[in-house]
Amino acid sequence: SLEALQAFSQGQAEHLKMRDDAAIPNLKKAIELDPNFASAYATLGVASFNLGRLAEGMAALRKAYELRDRASEREKFYIEAHYYDEVVVDFEKALDVYMQWSQTYPRDSAPYSNAALASSALGMHEKALEHAVQGHQVDPRDAYCYDNMAGAYEALNRFDEAKSIAEEAVAKKVDGSGIHFVLLDLAYYRGDR
């Protein structure tokens, strides 16, 4: 329904701004209005995971995966990749889907950003940085790409670059909590109270 789509769009907009606490009520409303809205379940699952609500996130992503045939091709990539990434916890399978997604939709930054996270989880920090930079090139205002670049630089002990990219995100007002965690870590490493 149009109402469900509007609620989803509002939730998605909040999620993309890294305001998952504000996204969740809209996503739940979209699902109330349309119980078969696969993308709303998927975004609710990811937003829930981002806030540490693992059981809620898993349930929503499972439901999205069950309903994935009702989604567009692009939405299926999002659903399947996050299902493998966060429910099945098969980072290699998730990376395969993220790479297929990025090849099919090269102007989407999300598959690169999420591939960075999966690569990082596998300890492949150089690859994580590469994916995050690719996503940043696609969308220089993507807050998730900034988060992932800063985190990858930190994991690679490239602290000056981590600080520089984190400060750039803050200056451009695309900083999420991950950016501030990196800045906190860097201050700790330097003994900067």
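## Basis of the description

A residue is called buried when its relative accessible area is under 20%, exposed when it is over 50%, and partly exposed in between, using a 1.4 Å probe and protein chains only. The structure is a predicted model, in which local features need pLDDT of at least 70 and side-chain atom pairs count only at pLDDT 80 or more, while totals for chains, interfaces and linings use all residues. Residues are numbered from 1 along each chain as its sequence is written, and side-chain values use heavy atoms, with hydrogens and water left out.

Ser102 belongs to helix H6 (residues 91-104), where helices are DSSP runs of H or I with at least four residues, numbered from the N terminus. A polar atom of the Ser102 side chain lies 2.9 Å from the backbone oxygen of Met99. Once neighbours within four places in sequence are set aside, Ser102 is in contact (heavy atoms within 4.5 Å) with Pro111 and Tyr112.

Asp85, in helix H5, is likewise a buried residue, with a relative accessible area of 10%. The side chains of Asp85 and Tyr98 are joined by a polar contact of 2.9 Å; such a contact is a pair of N or O atoms within 3.5 Å, and within protein one atom must be able to donate a hydrogen and the other to accept it, with residues adjacent in sequence counting only if both atoms are side-chain atoms. Leaving aside neighbours within four places in sequence, Asp85 is in contact with Phe91, Ala94, Tyr98, Asn114 and Ala118. Although Asp85 and Ala118 are 33 residues apart along the chain, their C-alpha atoms are separated by 7.2 Å.

## Helix H1

The buried residues of H1 are Ala4, Ala7, Phe8, Gly11, Glu14 and His15. Seen down the helix axis, these buried residues fall within an arc of 125°, so they line one face of H1, the arc being that of the directions from the axis to the C-beta atoms. They pack against helix H2 (20-33), helix H3 (38-50), helix H5 (73-87) and helix H9 (143-155).

## Nonpolar cores

In soluble globular proteins, nonpolar side chains tend to be buried together. A nonpolar core is taken here as a set of buried Ala, Val, Leu, Ile, Met, Phe, Trp, Tyr and Cys residues joined through side-chain atoms within 4.5 Å. The largest such core has 37 residues, and those with the most contacts inside it are Ile79 and Tyr98. Two or more residues are given to this core by each of H1, H2, H3, helix H4 (54-66), H5, H6 and helix H7 (110-121), and the largest share, eight residues, comes from H3.

Beyond its neighbours within four places in sequence, Ile79 is in contact with Ala38, Ser39, Ala42, Ala64, Tyr65, Arg68 and Ala71. Apart from this core lies another of 18 residues, among them Leu129, Tyr153, Ile165 and Val182.

## Aromatic pairs

Rings of Phe, Tyr and Trp (its six-membered ring) pair if their centres lie within 6.5 Å, and the pair counts as stacked with planes under 30 degrees apart, edge-to-face over 60 and tilted for the rest. By this rule there are nine aromatic pairs. The rings of Phe77 and Tyr105 have centres 6.3 Å apart and planes at 75°, so this pair is edge-to-face. It links distant parts of the chain, with Phe77 in helix H5 and Tyr105 in the loop between H6 and H7, 28 residues apart. Phe77 is buried at 10% relative accessibility, whereas Tyr105 is partly exposed at 24%.

Tyr188 and Tyr189 also form an edge-to-face pair, at 6.4 Å centre to centre and 65° between the planes. Tyr188 is exposed, with 67% relative accessibility, and Tyr189 is partly exposed, with 45%. Elsewhere, ring pairs link Tyr65, Tyr83 and Tyr84 into a cluster.

## Positive phi angles

Most residues other than glycine have a negative phi. Val89, in the loop between H5 and H6, is not a glycine and yet has a positive phi of about 55°; Val89 is partly exposed at 48% relative accessibility. Lys173 has a positive phi of about 60° and lies in the loop between helix H10 (159-171) and helix H11 (177-190), where Lys173 is exposed, with a relative accessible area of 71%. Met18, which follows H1, has a positive phi near 65°.
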